[in-house]
Amino acid sequence: MIQVAVMGYGTVGSGVVEVINTNAAGIEREQKDDMKVKYVLDLREFPGDPVQSILVHDFDVIVNDSEVDVIAETMGGLHPAYEYTKRALEAGKSVCTSNKELVAAYGAELLELAKNNDVNYFYEASVGGGIPIIRPLNYALTAEIIEEITGILNGTTNYILTRMKNEGLEFDEVLKAAQELGYAEKNPEADVEGYDACRKIAILCSLAFCHQVDYKDIYTEGITKITATDIKYANACGRSIKLLASGKRDGEDVYAMVAPFMIDAQNPLYMVNDVYNGILVKSNMLGDTMYYGRGAGKLPTASAVVADMIDAARHKGATEKFLWDKKKLEVADMSHCRNRFFVRMEGTREEVLAKGAAYFGKVEPLASVAAGEAAFITGEMEEAEFEEAAKKAGGVINRIRVK
């Protein structure tokens, strides 16, 4: 009998209990043993829920029980999740988590602590919900040099941008609808300002480039400034606007950022719509590989947590390899990163294109979709070079990077 505990009985935690109970036969077949949830830790009571019979309010009950080998941490947030995870690992218990905030902030430290105690710290569910991406980076792609990893990592923003594209709606209208449907939080800042995607790309970059990438060092820009007019321009030129989180090598430098991009239909991420996530990995020998699916939600995320729990039970007493160490990787200064830019400017078409040529060099004119303005796409240029040109030109309404 494999005895496990679940910390946090919210959306994902209740999903973990449901997956273990519903798929008990499959887990037993895989493990050659039963998996039983012995404890669920939460401050609340759940009268009428069967979980009430195994509910505890004191973490010490779990950490001091020698029969518990694996713990699912689905509490969210940094504290007390960090302290509980540390104590669990030090007590010789493996921990499996969906907590992207914790993994982004303390992943390298917790992995090292797990190794020192011959247990495991698994975090597949922290990025992309139920989409397998951590294991491919840790195992399947270890013969490769990862050159770039780019993803649509937040379902809320992707849902908003998809509806804006398909229905011509403004951001505020779609955000309200997303909140009513439960796709966006009452306070949506973490999603719409890009902070959620930032923590996820920090985790992926730390794995891809083998050293700690601090999410605080990653340039992050959300989607709150995207308008229905921007969407019209994108539609008119056969492109789609997506919030992309990316990390890439450029010689000796590594750039990392989160920002809206216009992408065309040749990009595999173009067709990733609604609440779905997609992750594109470019490596030196294999080339492009794509990972796609539901990036969030109760059962998809819980399924990934339980898969980690099964793996942790299977490797009891041994630490699985990991590619992420505590040495900090200094992210390159974004001002030197090179991109193309979609630019909207005030004025007649002739005036705007003349300014574009004068300040930005050769530009690609776009069909006008609104009165009193026009738009173009620049050639590739450094971020700092673009900002200087935009300042000199004046009259810029909006700008979006272009892949």
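Contact means heavy atoms within 4.5 Å. The model is predicted: local features need pLDDT of at least 70, side-chain atom pairs count only at pLDDT 80 or more, and totals for chains, interfaces and linings use all residues. Residues are numbered from 1 along each chain as its sequence is written, and side-chain values use heavy atoms, without hydrogens and water.

Helices (DSSP runs of H or I, at least four residues) and strands (E, at least two) are numbered from the N terminus. In α5, K100, E101, V103 and A104 meet D196, R199, K200 and I203 of α10. By class, this contact of α5 with α10 has three nonpolar, no polar and five charged residues. Here Ala, Val, Leu, Ile, Met, Phe, Trp, Tyr, Cys and Pro count as nonpolar, Asp, Glu, Lys and Arg as charged, and the others, Gly among them, as polar.

Helix α5 spans residues 100-116 and helix α10 residues 195-208. Their axes come within 9 Å and cross at roughly 45°. Axes are lines fitted to C-alpha atoms, for helices over the stretch in contact, and angles run from 0 to 180 degrees between N-to-C directions.

Six strands form an open sheet in the order β3-β2-β1-β4-β5-β6, with parallel pairing. Strands pair if DSSP finds at least two bridges between them. The edge strands, β3 (55-56) and β6 (121-122), each pair on one side only. Strand β2 (residues 35-41) runs parallel to β3 and is joined to β3 by two bridges. L41 stands opposite V56 in β3. Helix α12 (residues 298-314) packs on the sheet and touches β1 (2-7), β2, β4 (68-73), β5 (94-97) and β6. The direction of α12 makes about 165° with that of β5.
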